[in-house]
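Please walk me through this model in the viewer, one selection at a time.

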Amino acid sequence: MTVQSLWAATAQPSPALQSLEGERQCDVVIIGAGYTGLTAAHHIALSGREPLIVEANTLAFGASGRNGGVVSPKFRVGFPGLMARFGRDTALQMYHAGHAAVDSLVDMIETLGLDQARLHMGGHIAAAHNVHALGGLQATANWIKRETGGASSVMISADQVREMTGSTIFCGGLLTPKAGGIHPLNYARGIAQSLHDRGVKMYINSPAEQVRREGERIIVQTPQGRVSARQVIYATNGYSDQTRATDTLHRRLIPFRSAIIATEPLPAHVLAGIMPGGQVCGDTKRMLRWFRVVGDRLIFGGRGAFGKNDSHNAFRTLQRSMGDVFPVLRDYKIDFRWSGLVAMTLDYLPHAGQLDDRSFYAIGYNGGGVAMSTWMGRQLGAMTAGKKVDLGLMSGEKFKPIPLHAFRAPGVRLAAGWQQFLDVIGR
Ligand SMILES: Cc1cc2nc3c(=O)[nH]c(=O)nc-3n(C[C@H](O)[C@H](O)[C@H](O)COP(=O)(O)OP(=O)(O)OC[C@H]3O[C@@H](n4cnc5c(N)ncnc54)[C@H](O)[C@@H]3O)c2cc1C
C-alpha cells in the first residue's frame with residue numbers, strides 16, 4: 001500500500017537543511033520542527049534572540065506536514081461545558097484564545113507573504129449527525145450570542161447544510177465564518193524558508209537524544225552534535241516518544257492515529273455538487289469525520305479504528321464512511337492515503353508551560369492545532385523572554401504526567417472503540 005500525502009505530492013520545495021554536526025551555541029534550542037517549533041523560532045528571532053531548531057526527521061515530519069489543513073477557532077470542548085465547569089470568565093477567555101489563534105495564523109501568513117499556504121477563509125460547518133448533536137450545536141450558538149453579544153457562529157438548517165455540503169445525511173449545522181483551510185505542508189515550509197532566509201539555524205535528521213543541565217546552560221545532544229543554549233523549548237507534540245529525551249512530555253499525552261484519504265480528480269459536474277461554497281466541514285460524531293475540497297479532489301479524514309501503523313482496513317473504513325456522506329463518490333478512486341499522530345490530553349485541551357526555570361513546552365492540541373500551535377509559538381516566544389502569559393485553562397500548572405501512562409494509553413484507545421459504538425447506535 002502506498003501511503004503518501006496529497007500535501008507531499010503538491011508542496012513547494014523544502015529549504016535545503018543538513019543534520020547537526022559539531023557544537024553550536026544559541027539562546028533558545030527548540031526540539032521539533034512543526035508549527036509550534038517553527039512559530040516559536042519566528043517570534044524569538046523577531047525579538048532579537050537566537051533560536052536554533054533540531055528536528056528528528058524531516059521538516060514538518062509530524063502532524064504539521066500531514067494534517068487536514070482545517071483552520072478553526074474551536075476546541076474539542078464546547079464553551080457552554082467550559083462555562084458550567086469553570087465559570088463565565090474562563091469560558092470567555094478560551095473563546096477569545098480560539099479566535100486569537102486564527103488571527104495569529106492569518107497574521108503569520110500575511111506578514112511572511114506565504115501565498116503558497118493557499119489560505120482560504122471560506123468558513124467552517126459543524127454538521128450535526130443526529131438531533132441530539134444538533135441540540136449541542138444550538139447550545140453553542142446560544143452561548144456565543146448571549147455571552148459575546150456577537151454571531152461568530154450561527155445555526156443553519158438541514159436544507160442549508162445540504163446546499164452547502166452536497167450531503168443529505170445531516171440534520172442541521174453551525175456555521176463559523178472565521179475559519180477555512182490551508183495547504184498545511186506549504187505553511188510549515190513557508191515559515192521554515194523565511195527563517196532560513198533570515199539565518200535561523202535548523203537541523204533535520206537530528207534527534208535530541210539527551211537534554212541536560214550544565215550549570216546555567218542547557219545541553220541538547222544529537223547523534224553527531226551538541227547544542228548549548230540558555231533555554232530549551234519542547235515542541236514534539238504527538239511524536240514525543242521518539243527518544244527518551246522527551247519522555248516526560250510523552251507521558252502527559254495519548255497519541256491517536258488519524259487518517260486522511262484524497263480522491264482522484266473529480267469531474268466538474270460532480271465537483272459542482274460538493275462543498276460548492278468552499279467551506280470546510282466536520283461532523284459531530286465523537287470519532288469526528290471531516291472533509292474539504294482541495295483543487296479538484298475531496299479530502300476526507302477521520303479518527304477511529306487505527307492502530308499503531310497504517311492499515312488497509314483503516315483506510316477502507318474511511319472510504320466507506322466517505323461513501324456514506326457522499327454516495328456519488330463511491331465510484332471514484334482514492335489517489336492518496338496517509339495518517340499521522342494527534343496528541344490527546346485527558347482534559348481535551350492543549351497546554352503550555354515550564355518543566356523548570358529554563359525548559360518550556362506547548363503540546364496536546366487534540367487534533368485541532370493548526371491555528372492554536374501558531375498562537376502557542378507566539379506565547380512561547382513571550383514566555384522565554386520572561387514575560388508573564390496568562391493561558392488560563394491551557395496553562396501547564398495542573399498538566400502532569402498521566403499516572404500509569406503505559407497502561408492507560410491503550411485503555412483510552414479501547415474506550416475509543418466504545419465511543420465509535422455510541423456513534424453507530426446514534427447516542
Ligand atoms: C492526520 C491529522 C489531521 C489533522 N488535521 C487537523 C486539521 O485539519 N486542523 C487542525 O487544526 N489540526 C489538525 N491536526 C492537528 C495538527 O496538525 C497539530 O495539532 C499540529 O500540527 C501540531 O504541531 P506541532 O508543531 O506541535 O507538532 P508536530 O507537527 O507533530 O511536530 C513535532 C515534531 O517533533 C519532532 N520530534 C519529536 N521528537 C523529537 C526529538 N527527540 N528530537 C527532535 N525532534 C523531535 C517530530 O519529528 C515532529 O516533526 C491534524 C493532525 C493529524 C495527525
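A contact here means heavy atoms within 4.5 Å. By that criterion, residues 24 or more positions apart account for 74% of the contacts in the protein chain with a separation of 6 or more. This is a predicted model, in which local features need pLDDT of at least 70 and side-chain atom pairs count only at pLDDT 80 or more, while totals for chains, interfaces and linings use all residues. Residues are numbered from 1 along each chain as its sequence is written, and side-chain values use heavy atoms, with hydrogens and water left out.

**Whole chain.** Along the principal axes, the C-alpha atoms fill a box of roughly 65 × 50 × 45 Å. Of the 427 residues, 55% are buried, where buried means under 20% relative accessible area, exposed over 50% and partly exposed in between (1.4 Å probe, protein chains only).

**Helices α3 and α5.** Next, select residues 79-86 (α3) and 131-148 (α5). Their axes are 8 Å apart and they pack at an angle of about 65 degrees. Axes are lines fitted to C-alpha atoms, for helices over the stretch in contact, and angles run from 0 to 180 degrees between N-to-C directions. The two helices are therefore roughly perpendicular, a label that covers 65 to 115 degrees. Show side chains for F79, P80 and M83 of α3 and for A139, T140, W143, R146 and E147 of α5, which make the contact. By class there are five nonpolar, one polar and two charged residues; Ala, Val, Leu, Ile, Met, Phe, Trp, Tyr, Cys and Pro count as nonpolar, Asp, Glu, Lys and Arg as charged, and the others, Gly among them, as polar.

**Helix α4 and beyond.** Select residues 88-112, the 25 residues of α4. From first C-alpha to last, α4 reaches 36 Å, close to the 36 Å expected at 1.5 Å a residue, counted over one less than its number of residues. Just after α4, G113 takes a positive phi of about 65 degrees. Then pick R118, in the loop between α4 and β4 (124-127). R118 is not a glycine, yet has a positive phi of about 50 degrees. At 48% relative accessibility, R118 is partly exposed.

**Y348.** Which loop holds Y348? Y348 lies between β16 (334-344) and β17 (351-356). Although not a glycine, Y348 has a positive phi of about 60 degrees. Its relative accessible area is 39%, so Y348 counts as partly exposed.

Note on methods: Helix = DSSP H or I, 4+ residues; strand = E, 2+ residues; numbered from the N terminus. Parallel < 35°, antiparallel > 145°, perpendicular 65-115°, else oblique.
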